[in-house]
Amino acid sequence: MSERKLDAVVVGAGPNGLAAAITLARAGRSVRVIEATSFIGGGLRTEELTLPGFLHDTFSAVHPMAVASPFFRSLPLEHYGLEWILSPAPMAHAVGDTSVILEASVEKTAAQLGKDDWRYRRVFGPLVRKWEALFEDVMQPAFHLPRHPILLARFGAMAMLSAESFANGFFRDPKTRALIGGIAAHANTPLDRTGTAAIALMMMTAGHARGWPIPKGGAGSIAKALASYFAAQGGVIETDCEITRLSDLPPSRFVFFDLPPSRLKSMFESSGETAPLAKQFQNFRHGPGVFKIDWALSKPIPWADQKIASAATVHLGGPLEQIARSESRPSLGEHPRRPFVLLSQPTLFDPSRAPKDRHVAWAYCHVPHGSDRDVQTAIEDEIERYAPGFRSIVLARNVLNTKALEKKNMNLVGGDIGGGEFGFWKMIAPKRNGPYEISRERGYYICSSSAPPGPGIHGMCGFNAANAALRLDGKN
């Protein structure tokens, strides 16, 4: 007997795949999610990487875009075990002998910035006051009818700039410029590239509006909550089932791929009858990778500036010029001498992740795509600059270079955690059938972080892709 045809199959149980599946299931469609590994959640995974009882977020860990996301805000995930924890300050950036703190309050942040006080309030005040309307538009494909055109135009005029141009053109104080540069560096691309200002604007607005929260117990709790909610809508998840050829797929009206284009291209090419589909992704390129370290600690990190202990997320990179030099290297295939370091210290605010009076922390820096160089010393040297004696509190460490990251999550090709090389114009470039549709005839859609609005744990790539299919389905 042939298998009953489903309304939709989703390949990949990452946050965007689950978002697409949930959106379809809530619309009354029959949906099956097929995951190659035994884990659900993709980048949402929590493991004992160092010592027993020490819980580490293997990939994504801090989630400002999740709590600002229209998709996540539409879900009752608190009823499925998800609890968000906010540190007193969303983020701290170490600059020389002191630090600048991204506070929840725009005014308190601005008060640290000297002559930029009024400039900072003028830029971020209007965005934060209307943050819900802003994210409703910004997290859609660029070519859509905006619901708040004036607000979007204000944002877009700044977002199209490079991070360097935005920081230097709008602000005067080195602390302000450093703060913006460090947050824009999450794009993992040189800060002189068009559109990198958008990353800083979105993440800073989210920080003021909603904070940079961590989930209690680790990122895996987000995946569990999403999966539980999906099951409550009648959805089914099948694990340990890798799809390598299109013929492996069960019959369905639609197929959503939560995969990077490089893996999709390989799948299409191996299914010779659909080889022309692969041409859509022939110009796709992966971005630089990351090198990550997790630590089990005997005590909290001994920051020289104790203000840094108020934030779950810490940036170690000095002034804007130093960050820009560091972030320009990986795209050229080079390793920075002094890398910009992104660090998280979750157990200061979530003690459930470690044994009593013990702590965990992680940090990563950007490196060339596929790099196998060990940059542990360079990362720990940067931490020691701002927290003398750090190495003396390390009980154990786990190191993940780009190849180890890809081995743990096959979507992180070459250690690329962003779903491809950053490109503002790539994100807004129109396609004949929209940014998600691969083949209307076959009902194929891409819903991974390689699609708009891009990387981050927000689910909007899957949410938008599913809604594009539902609109088409409703017309038939």
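I began with Lys216, which counts as partly exposed at 39% relative accessibility (buried is under 20% relative accessible area, exposed over 50%, partly exposed in between; 1.4 Å probe, protein chains only). The model is predicted: local features need pLDDT of at least 70, side-chain atom pairs count only at pLDDT 80 or more, and totals for chains, interfaces and linings use all residues. Residues are numbered from 1 along each chain as its sequence is written, and side-chain values use heavy atoms, with hydrogens and water left out.

I looked up the partner of Lys216 and found a salt bridge with Glu83, the closest N and O atoms being 4.0 Å apart (a side-chain nitrogen of Lys or Arg within 4 Å of a carboxyl oxygen of Asp or Glu). Lys216 sits in the loop between strand S8 (214-215) and helix H11 (220-232), and Glu83, 133 residues apart from it, in the loop between H3 and strand S5 (84-85) (helices, H or I, at least four residues, and strands, E, at least two, are DSSP runs numbered from the N terminus). Glu83 is partly exposed, at 41% relative accessibility.

I then checked Asp116, whose salt bridge with Arg119 has its closest N and O atoms 3.3 Å apart. Asp116 is buried at 0% relative accessibility, and Arg119 is buried at 15%.

Next I turned to helix H6 (residues 131-138), which is largely enclosed by the rest of the structure because six of its eight residues are buried. The buried residues are Trp131, Ala133, Leu134, Phe135, Asp137 and Val138. Their cover includes H5 and helix H10 (196-210) (contact means heavy atoms within 4.5 Å).
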